[in-house]
Amino acid sequence: MLTPAVAEAFLRDRVRKNNPKAADEPAAATVAVRLGGLPLALEQAGAWVAASNVNTFARYLSLLDDASKNPFPDETIPLDYERTTWDTWQVSVDAAAAKAPLAPKILAALAWIAPEGLPNEWLTAAANDQYLTGHPSEIDDDAADGSPTDDDTEAVFEAIAALNQFSLVATDGATIDIHRVVQAATRRQAPHDSGRFAVRMLRHQSPGDA
């Protein structure tokens, strides 16, 4: 946990390059306190504000309030840490989805696999799967029939880029890492077919090693 002063300084430094006006906004201090010094939550908040020079910390607080009204899927009352994780997750996913419609589906699939070092090309190779396209699958349990179109592949690249921009994943262009806390929050609401897609994607890479 970061102290309020350090958390506030982090937020201001995080946005100063891309959104200098927001870096001087008083509401940055309020966001720092609201997020309880959680580094991951602070990074996601900073990423959201830095994404556009019209974004503000005051607007981010409003989005957090809206996210807080959404109950957990199982209607439990979470601990404060989980509540904060959920709220920041919700705001970030909504922002990524607005830029790339496939972003939530990609994130949900990433929630079911090892958190580090997934090759980007594994996702692009599966870009024509029915889970992503909504059309009959080109990737079955045994082999791949056909290849993704350029549009399918581009949509996956756009989703990865959007998730990276809002700090839901980290990518160097070749591999993807996802924080375990983000995975945990995502799995709370991930549809079952996201896990099935993850399995199909892995089997597509190693069809002889079921």
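Trainee: Why does Arg16 count as partly exposed?
Mentor: Arg16 has a relative accessibility of 38%. Buried means under 20% relative accessible area, exposed means over 50%, and partly exposed is in between, with a 1.4 Å probe and protein chains only. Arg16, at 38%, is therefore partly exposed. Before we go on, a word on where this comes from: the model is predicted, so local features need pLDDT of at least 70 and side-chain atom pairs count only at pLDDT 80 or more, while totals for chains, interfaces and linings use all residues. Residues are numbered from 1 along each chain as its sequence is written, and side-chain values use heavy atoms, with hydrogens and water left out.

Trainee: What makes the pair of Asp24 and Arg16 a salt bridge?
Mentor: The closest N and O atoms of Asp24 and Arg16 are 3.7 Å apart. A salt bridge is a side-chain nitrogen of Lys or Arg within 4 Å of a carboxyl oxygen of Asp or Glu, so the pair of Asp24 and Arg16 qualifies. In general, side chains of opposite charge can pair when their charged atoms come close.

Trainee: Is Asp24 buried or exposed?
Mentor: Asp24 is exposed, because its relative accessible area is 59%.

Trainee: How many salt bridges does the structure hold?
Mentor: There are 5 salt bridges. Another one of them joins the side chains of Arg34 and Asp65, at 3.0 Å from N to O. Arg34 lies in helix 3 (residues 27–34) and Asp65 in helix 5 (residues 57–68), so this pair ties together parts 31 residues apart in sequence. Helices here are DSSP runs of H or I with at least four residues, strands are runs of E with at least two, and both are numbered from the N terminus.

Trainee: What are Arg34 and Asp65 called on the accessibility scale?
Mentor: Arg34 is partly exposed, with a relative accessible area of 33%. Asp65 is partly exposed too, at 39%.

Trainee: Which residues does Asp87 touch, leaving aside neighbours within four places in sequence?
Mentor: Asp87 is in contact with Arg34, Leu64, Ala67 and Ser68, where contact means heavy atoms within 4.5 Å. Asp87 sits in helix 6 and counts as buried because its relative accessibility is 5%.

Trainee: Why is Thr85 called buried?
Mentor: Its relative accessible area is 13%, so Thr85 is buried. Thr85 belongs to helix 6 (residues 80–99). Beyond its neighbours within four places in sequence, Thr85 is in contact with Val181 and Ala185.

Trainee: How do you know that Asp129 and Arg200 form a salt bridge?
Mentor: Their side chains meet at 2.7 Å, N to O, so the pair passes the cut-off for a salt bridge. Asp129 is in the loop between helix 8 (120–125) and helix 9 (130–133), while Arg200 is in helix 12 (residues 192–205), 71 residues apart. Asp129 is buried, because its relative accessibility is 0%. Arg200, at 13%, counts as buried.

Trainee: Why are helix 7 and helix 10 called roughly perpendicular?
Mentor: Their axes cross at roughly 75 degrees and come within 8 Å. Axes are lines fitted to C-alpha atoms, for helices over the stretch in contact, and angles run from 0 to 180 degrees between N-to-C directions. Angles under 35 degrees count as roughly parallel, over 145 as roughly antiparallel, 65 to 115 as roughly perpendicular and the rest as oblique. Helix 7 and helix 10 are therefore roughly perpendicular to each other.

Trainee: Which residues make that contact?
Mentor: Ala103, Ile106 and Leu107 of helix 7 meet Val156, Ala159 and Leu163 of helix 10. By class, this contact has 6 nonpolar, no polar and no charged residues. Ala, Val, Leu, Ile, Met, Phe, Trp, Tyr, Cys and Pro count as nonpolar, Asp, Glu, Lys and Arg as charged, and the others, Gly among them, as polar.

Trainee: What makes helix 7 mostly covered?
Mentor: In helix 7 (residues 103–110), 6 of its 8 residues are buried. Among them are Ile106 and Leu107.
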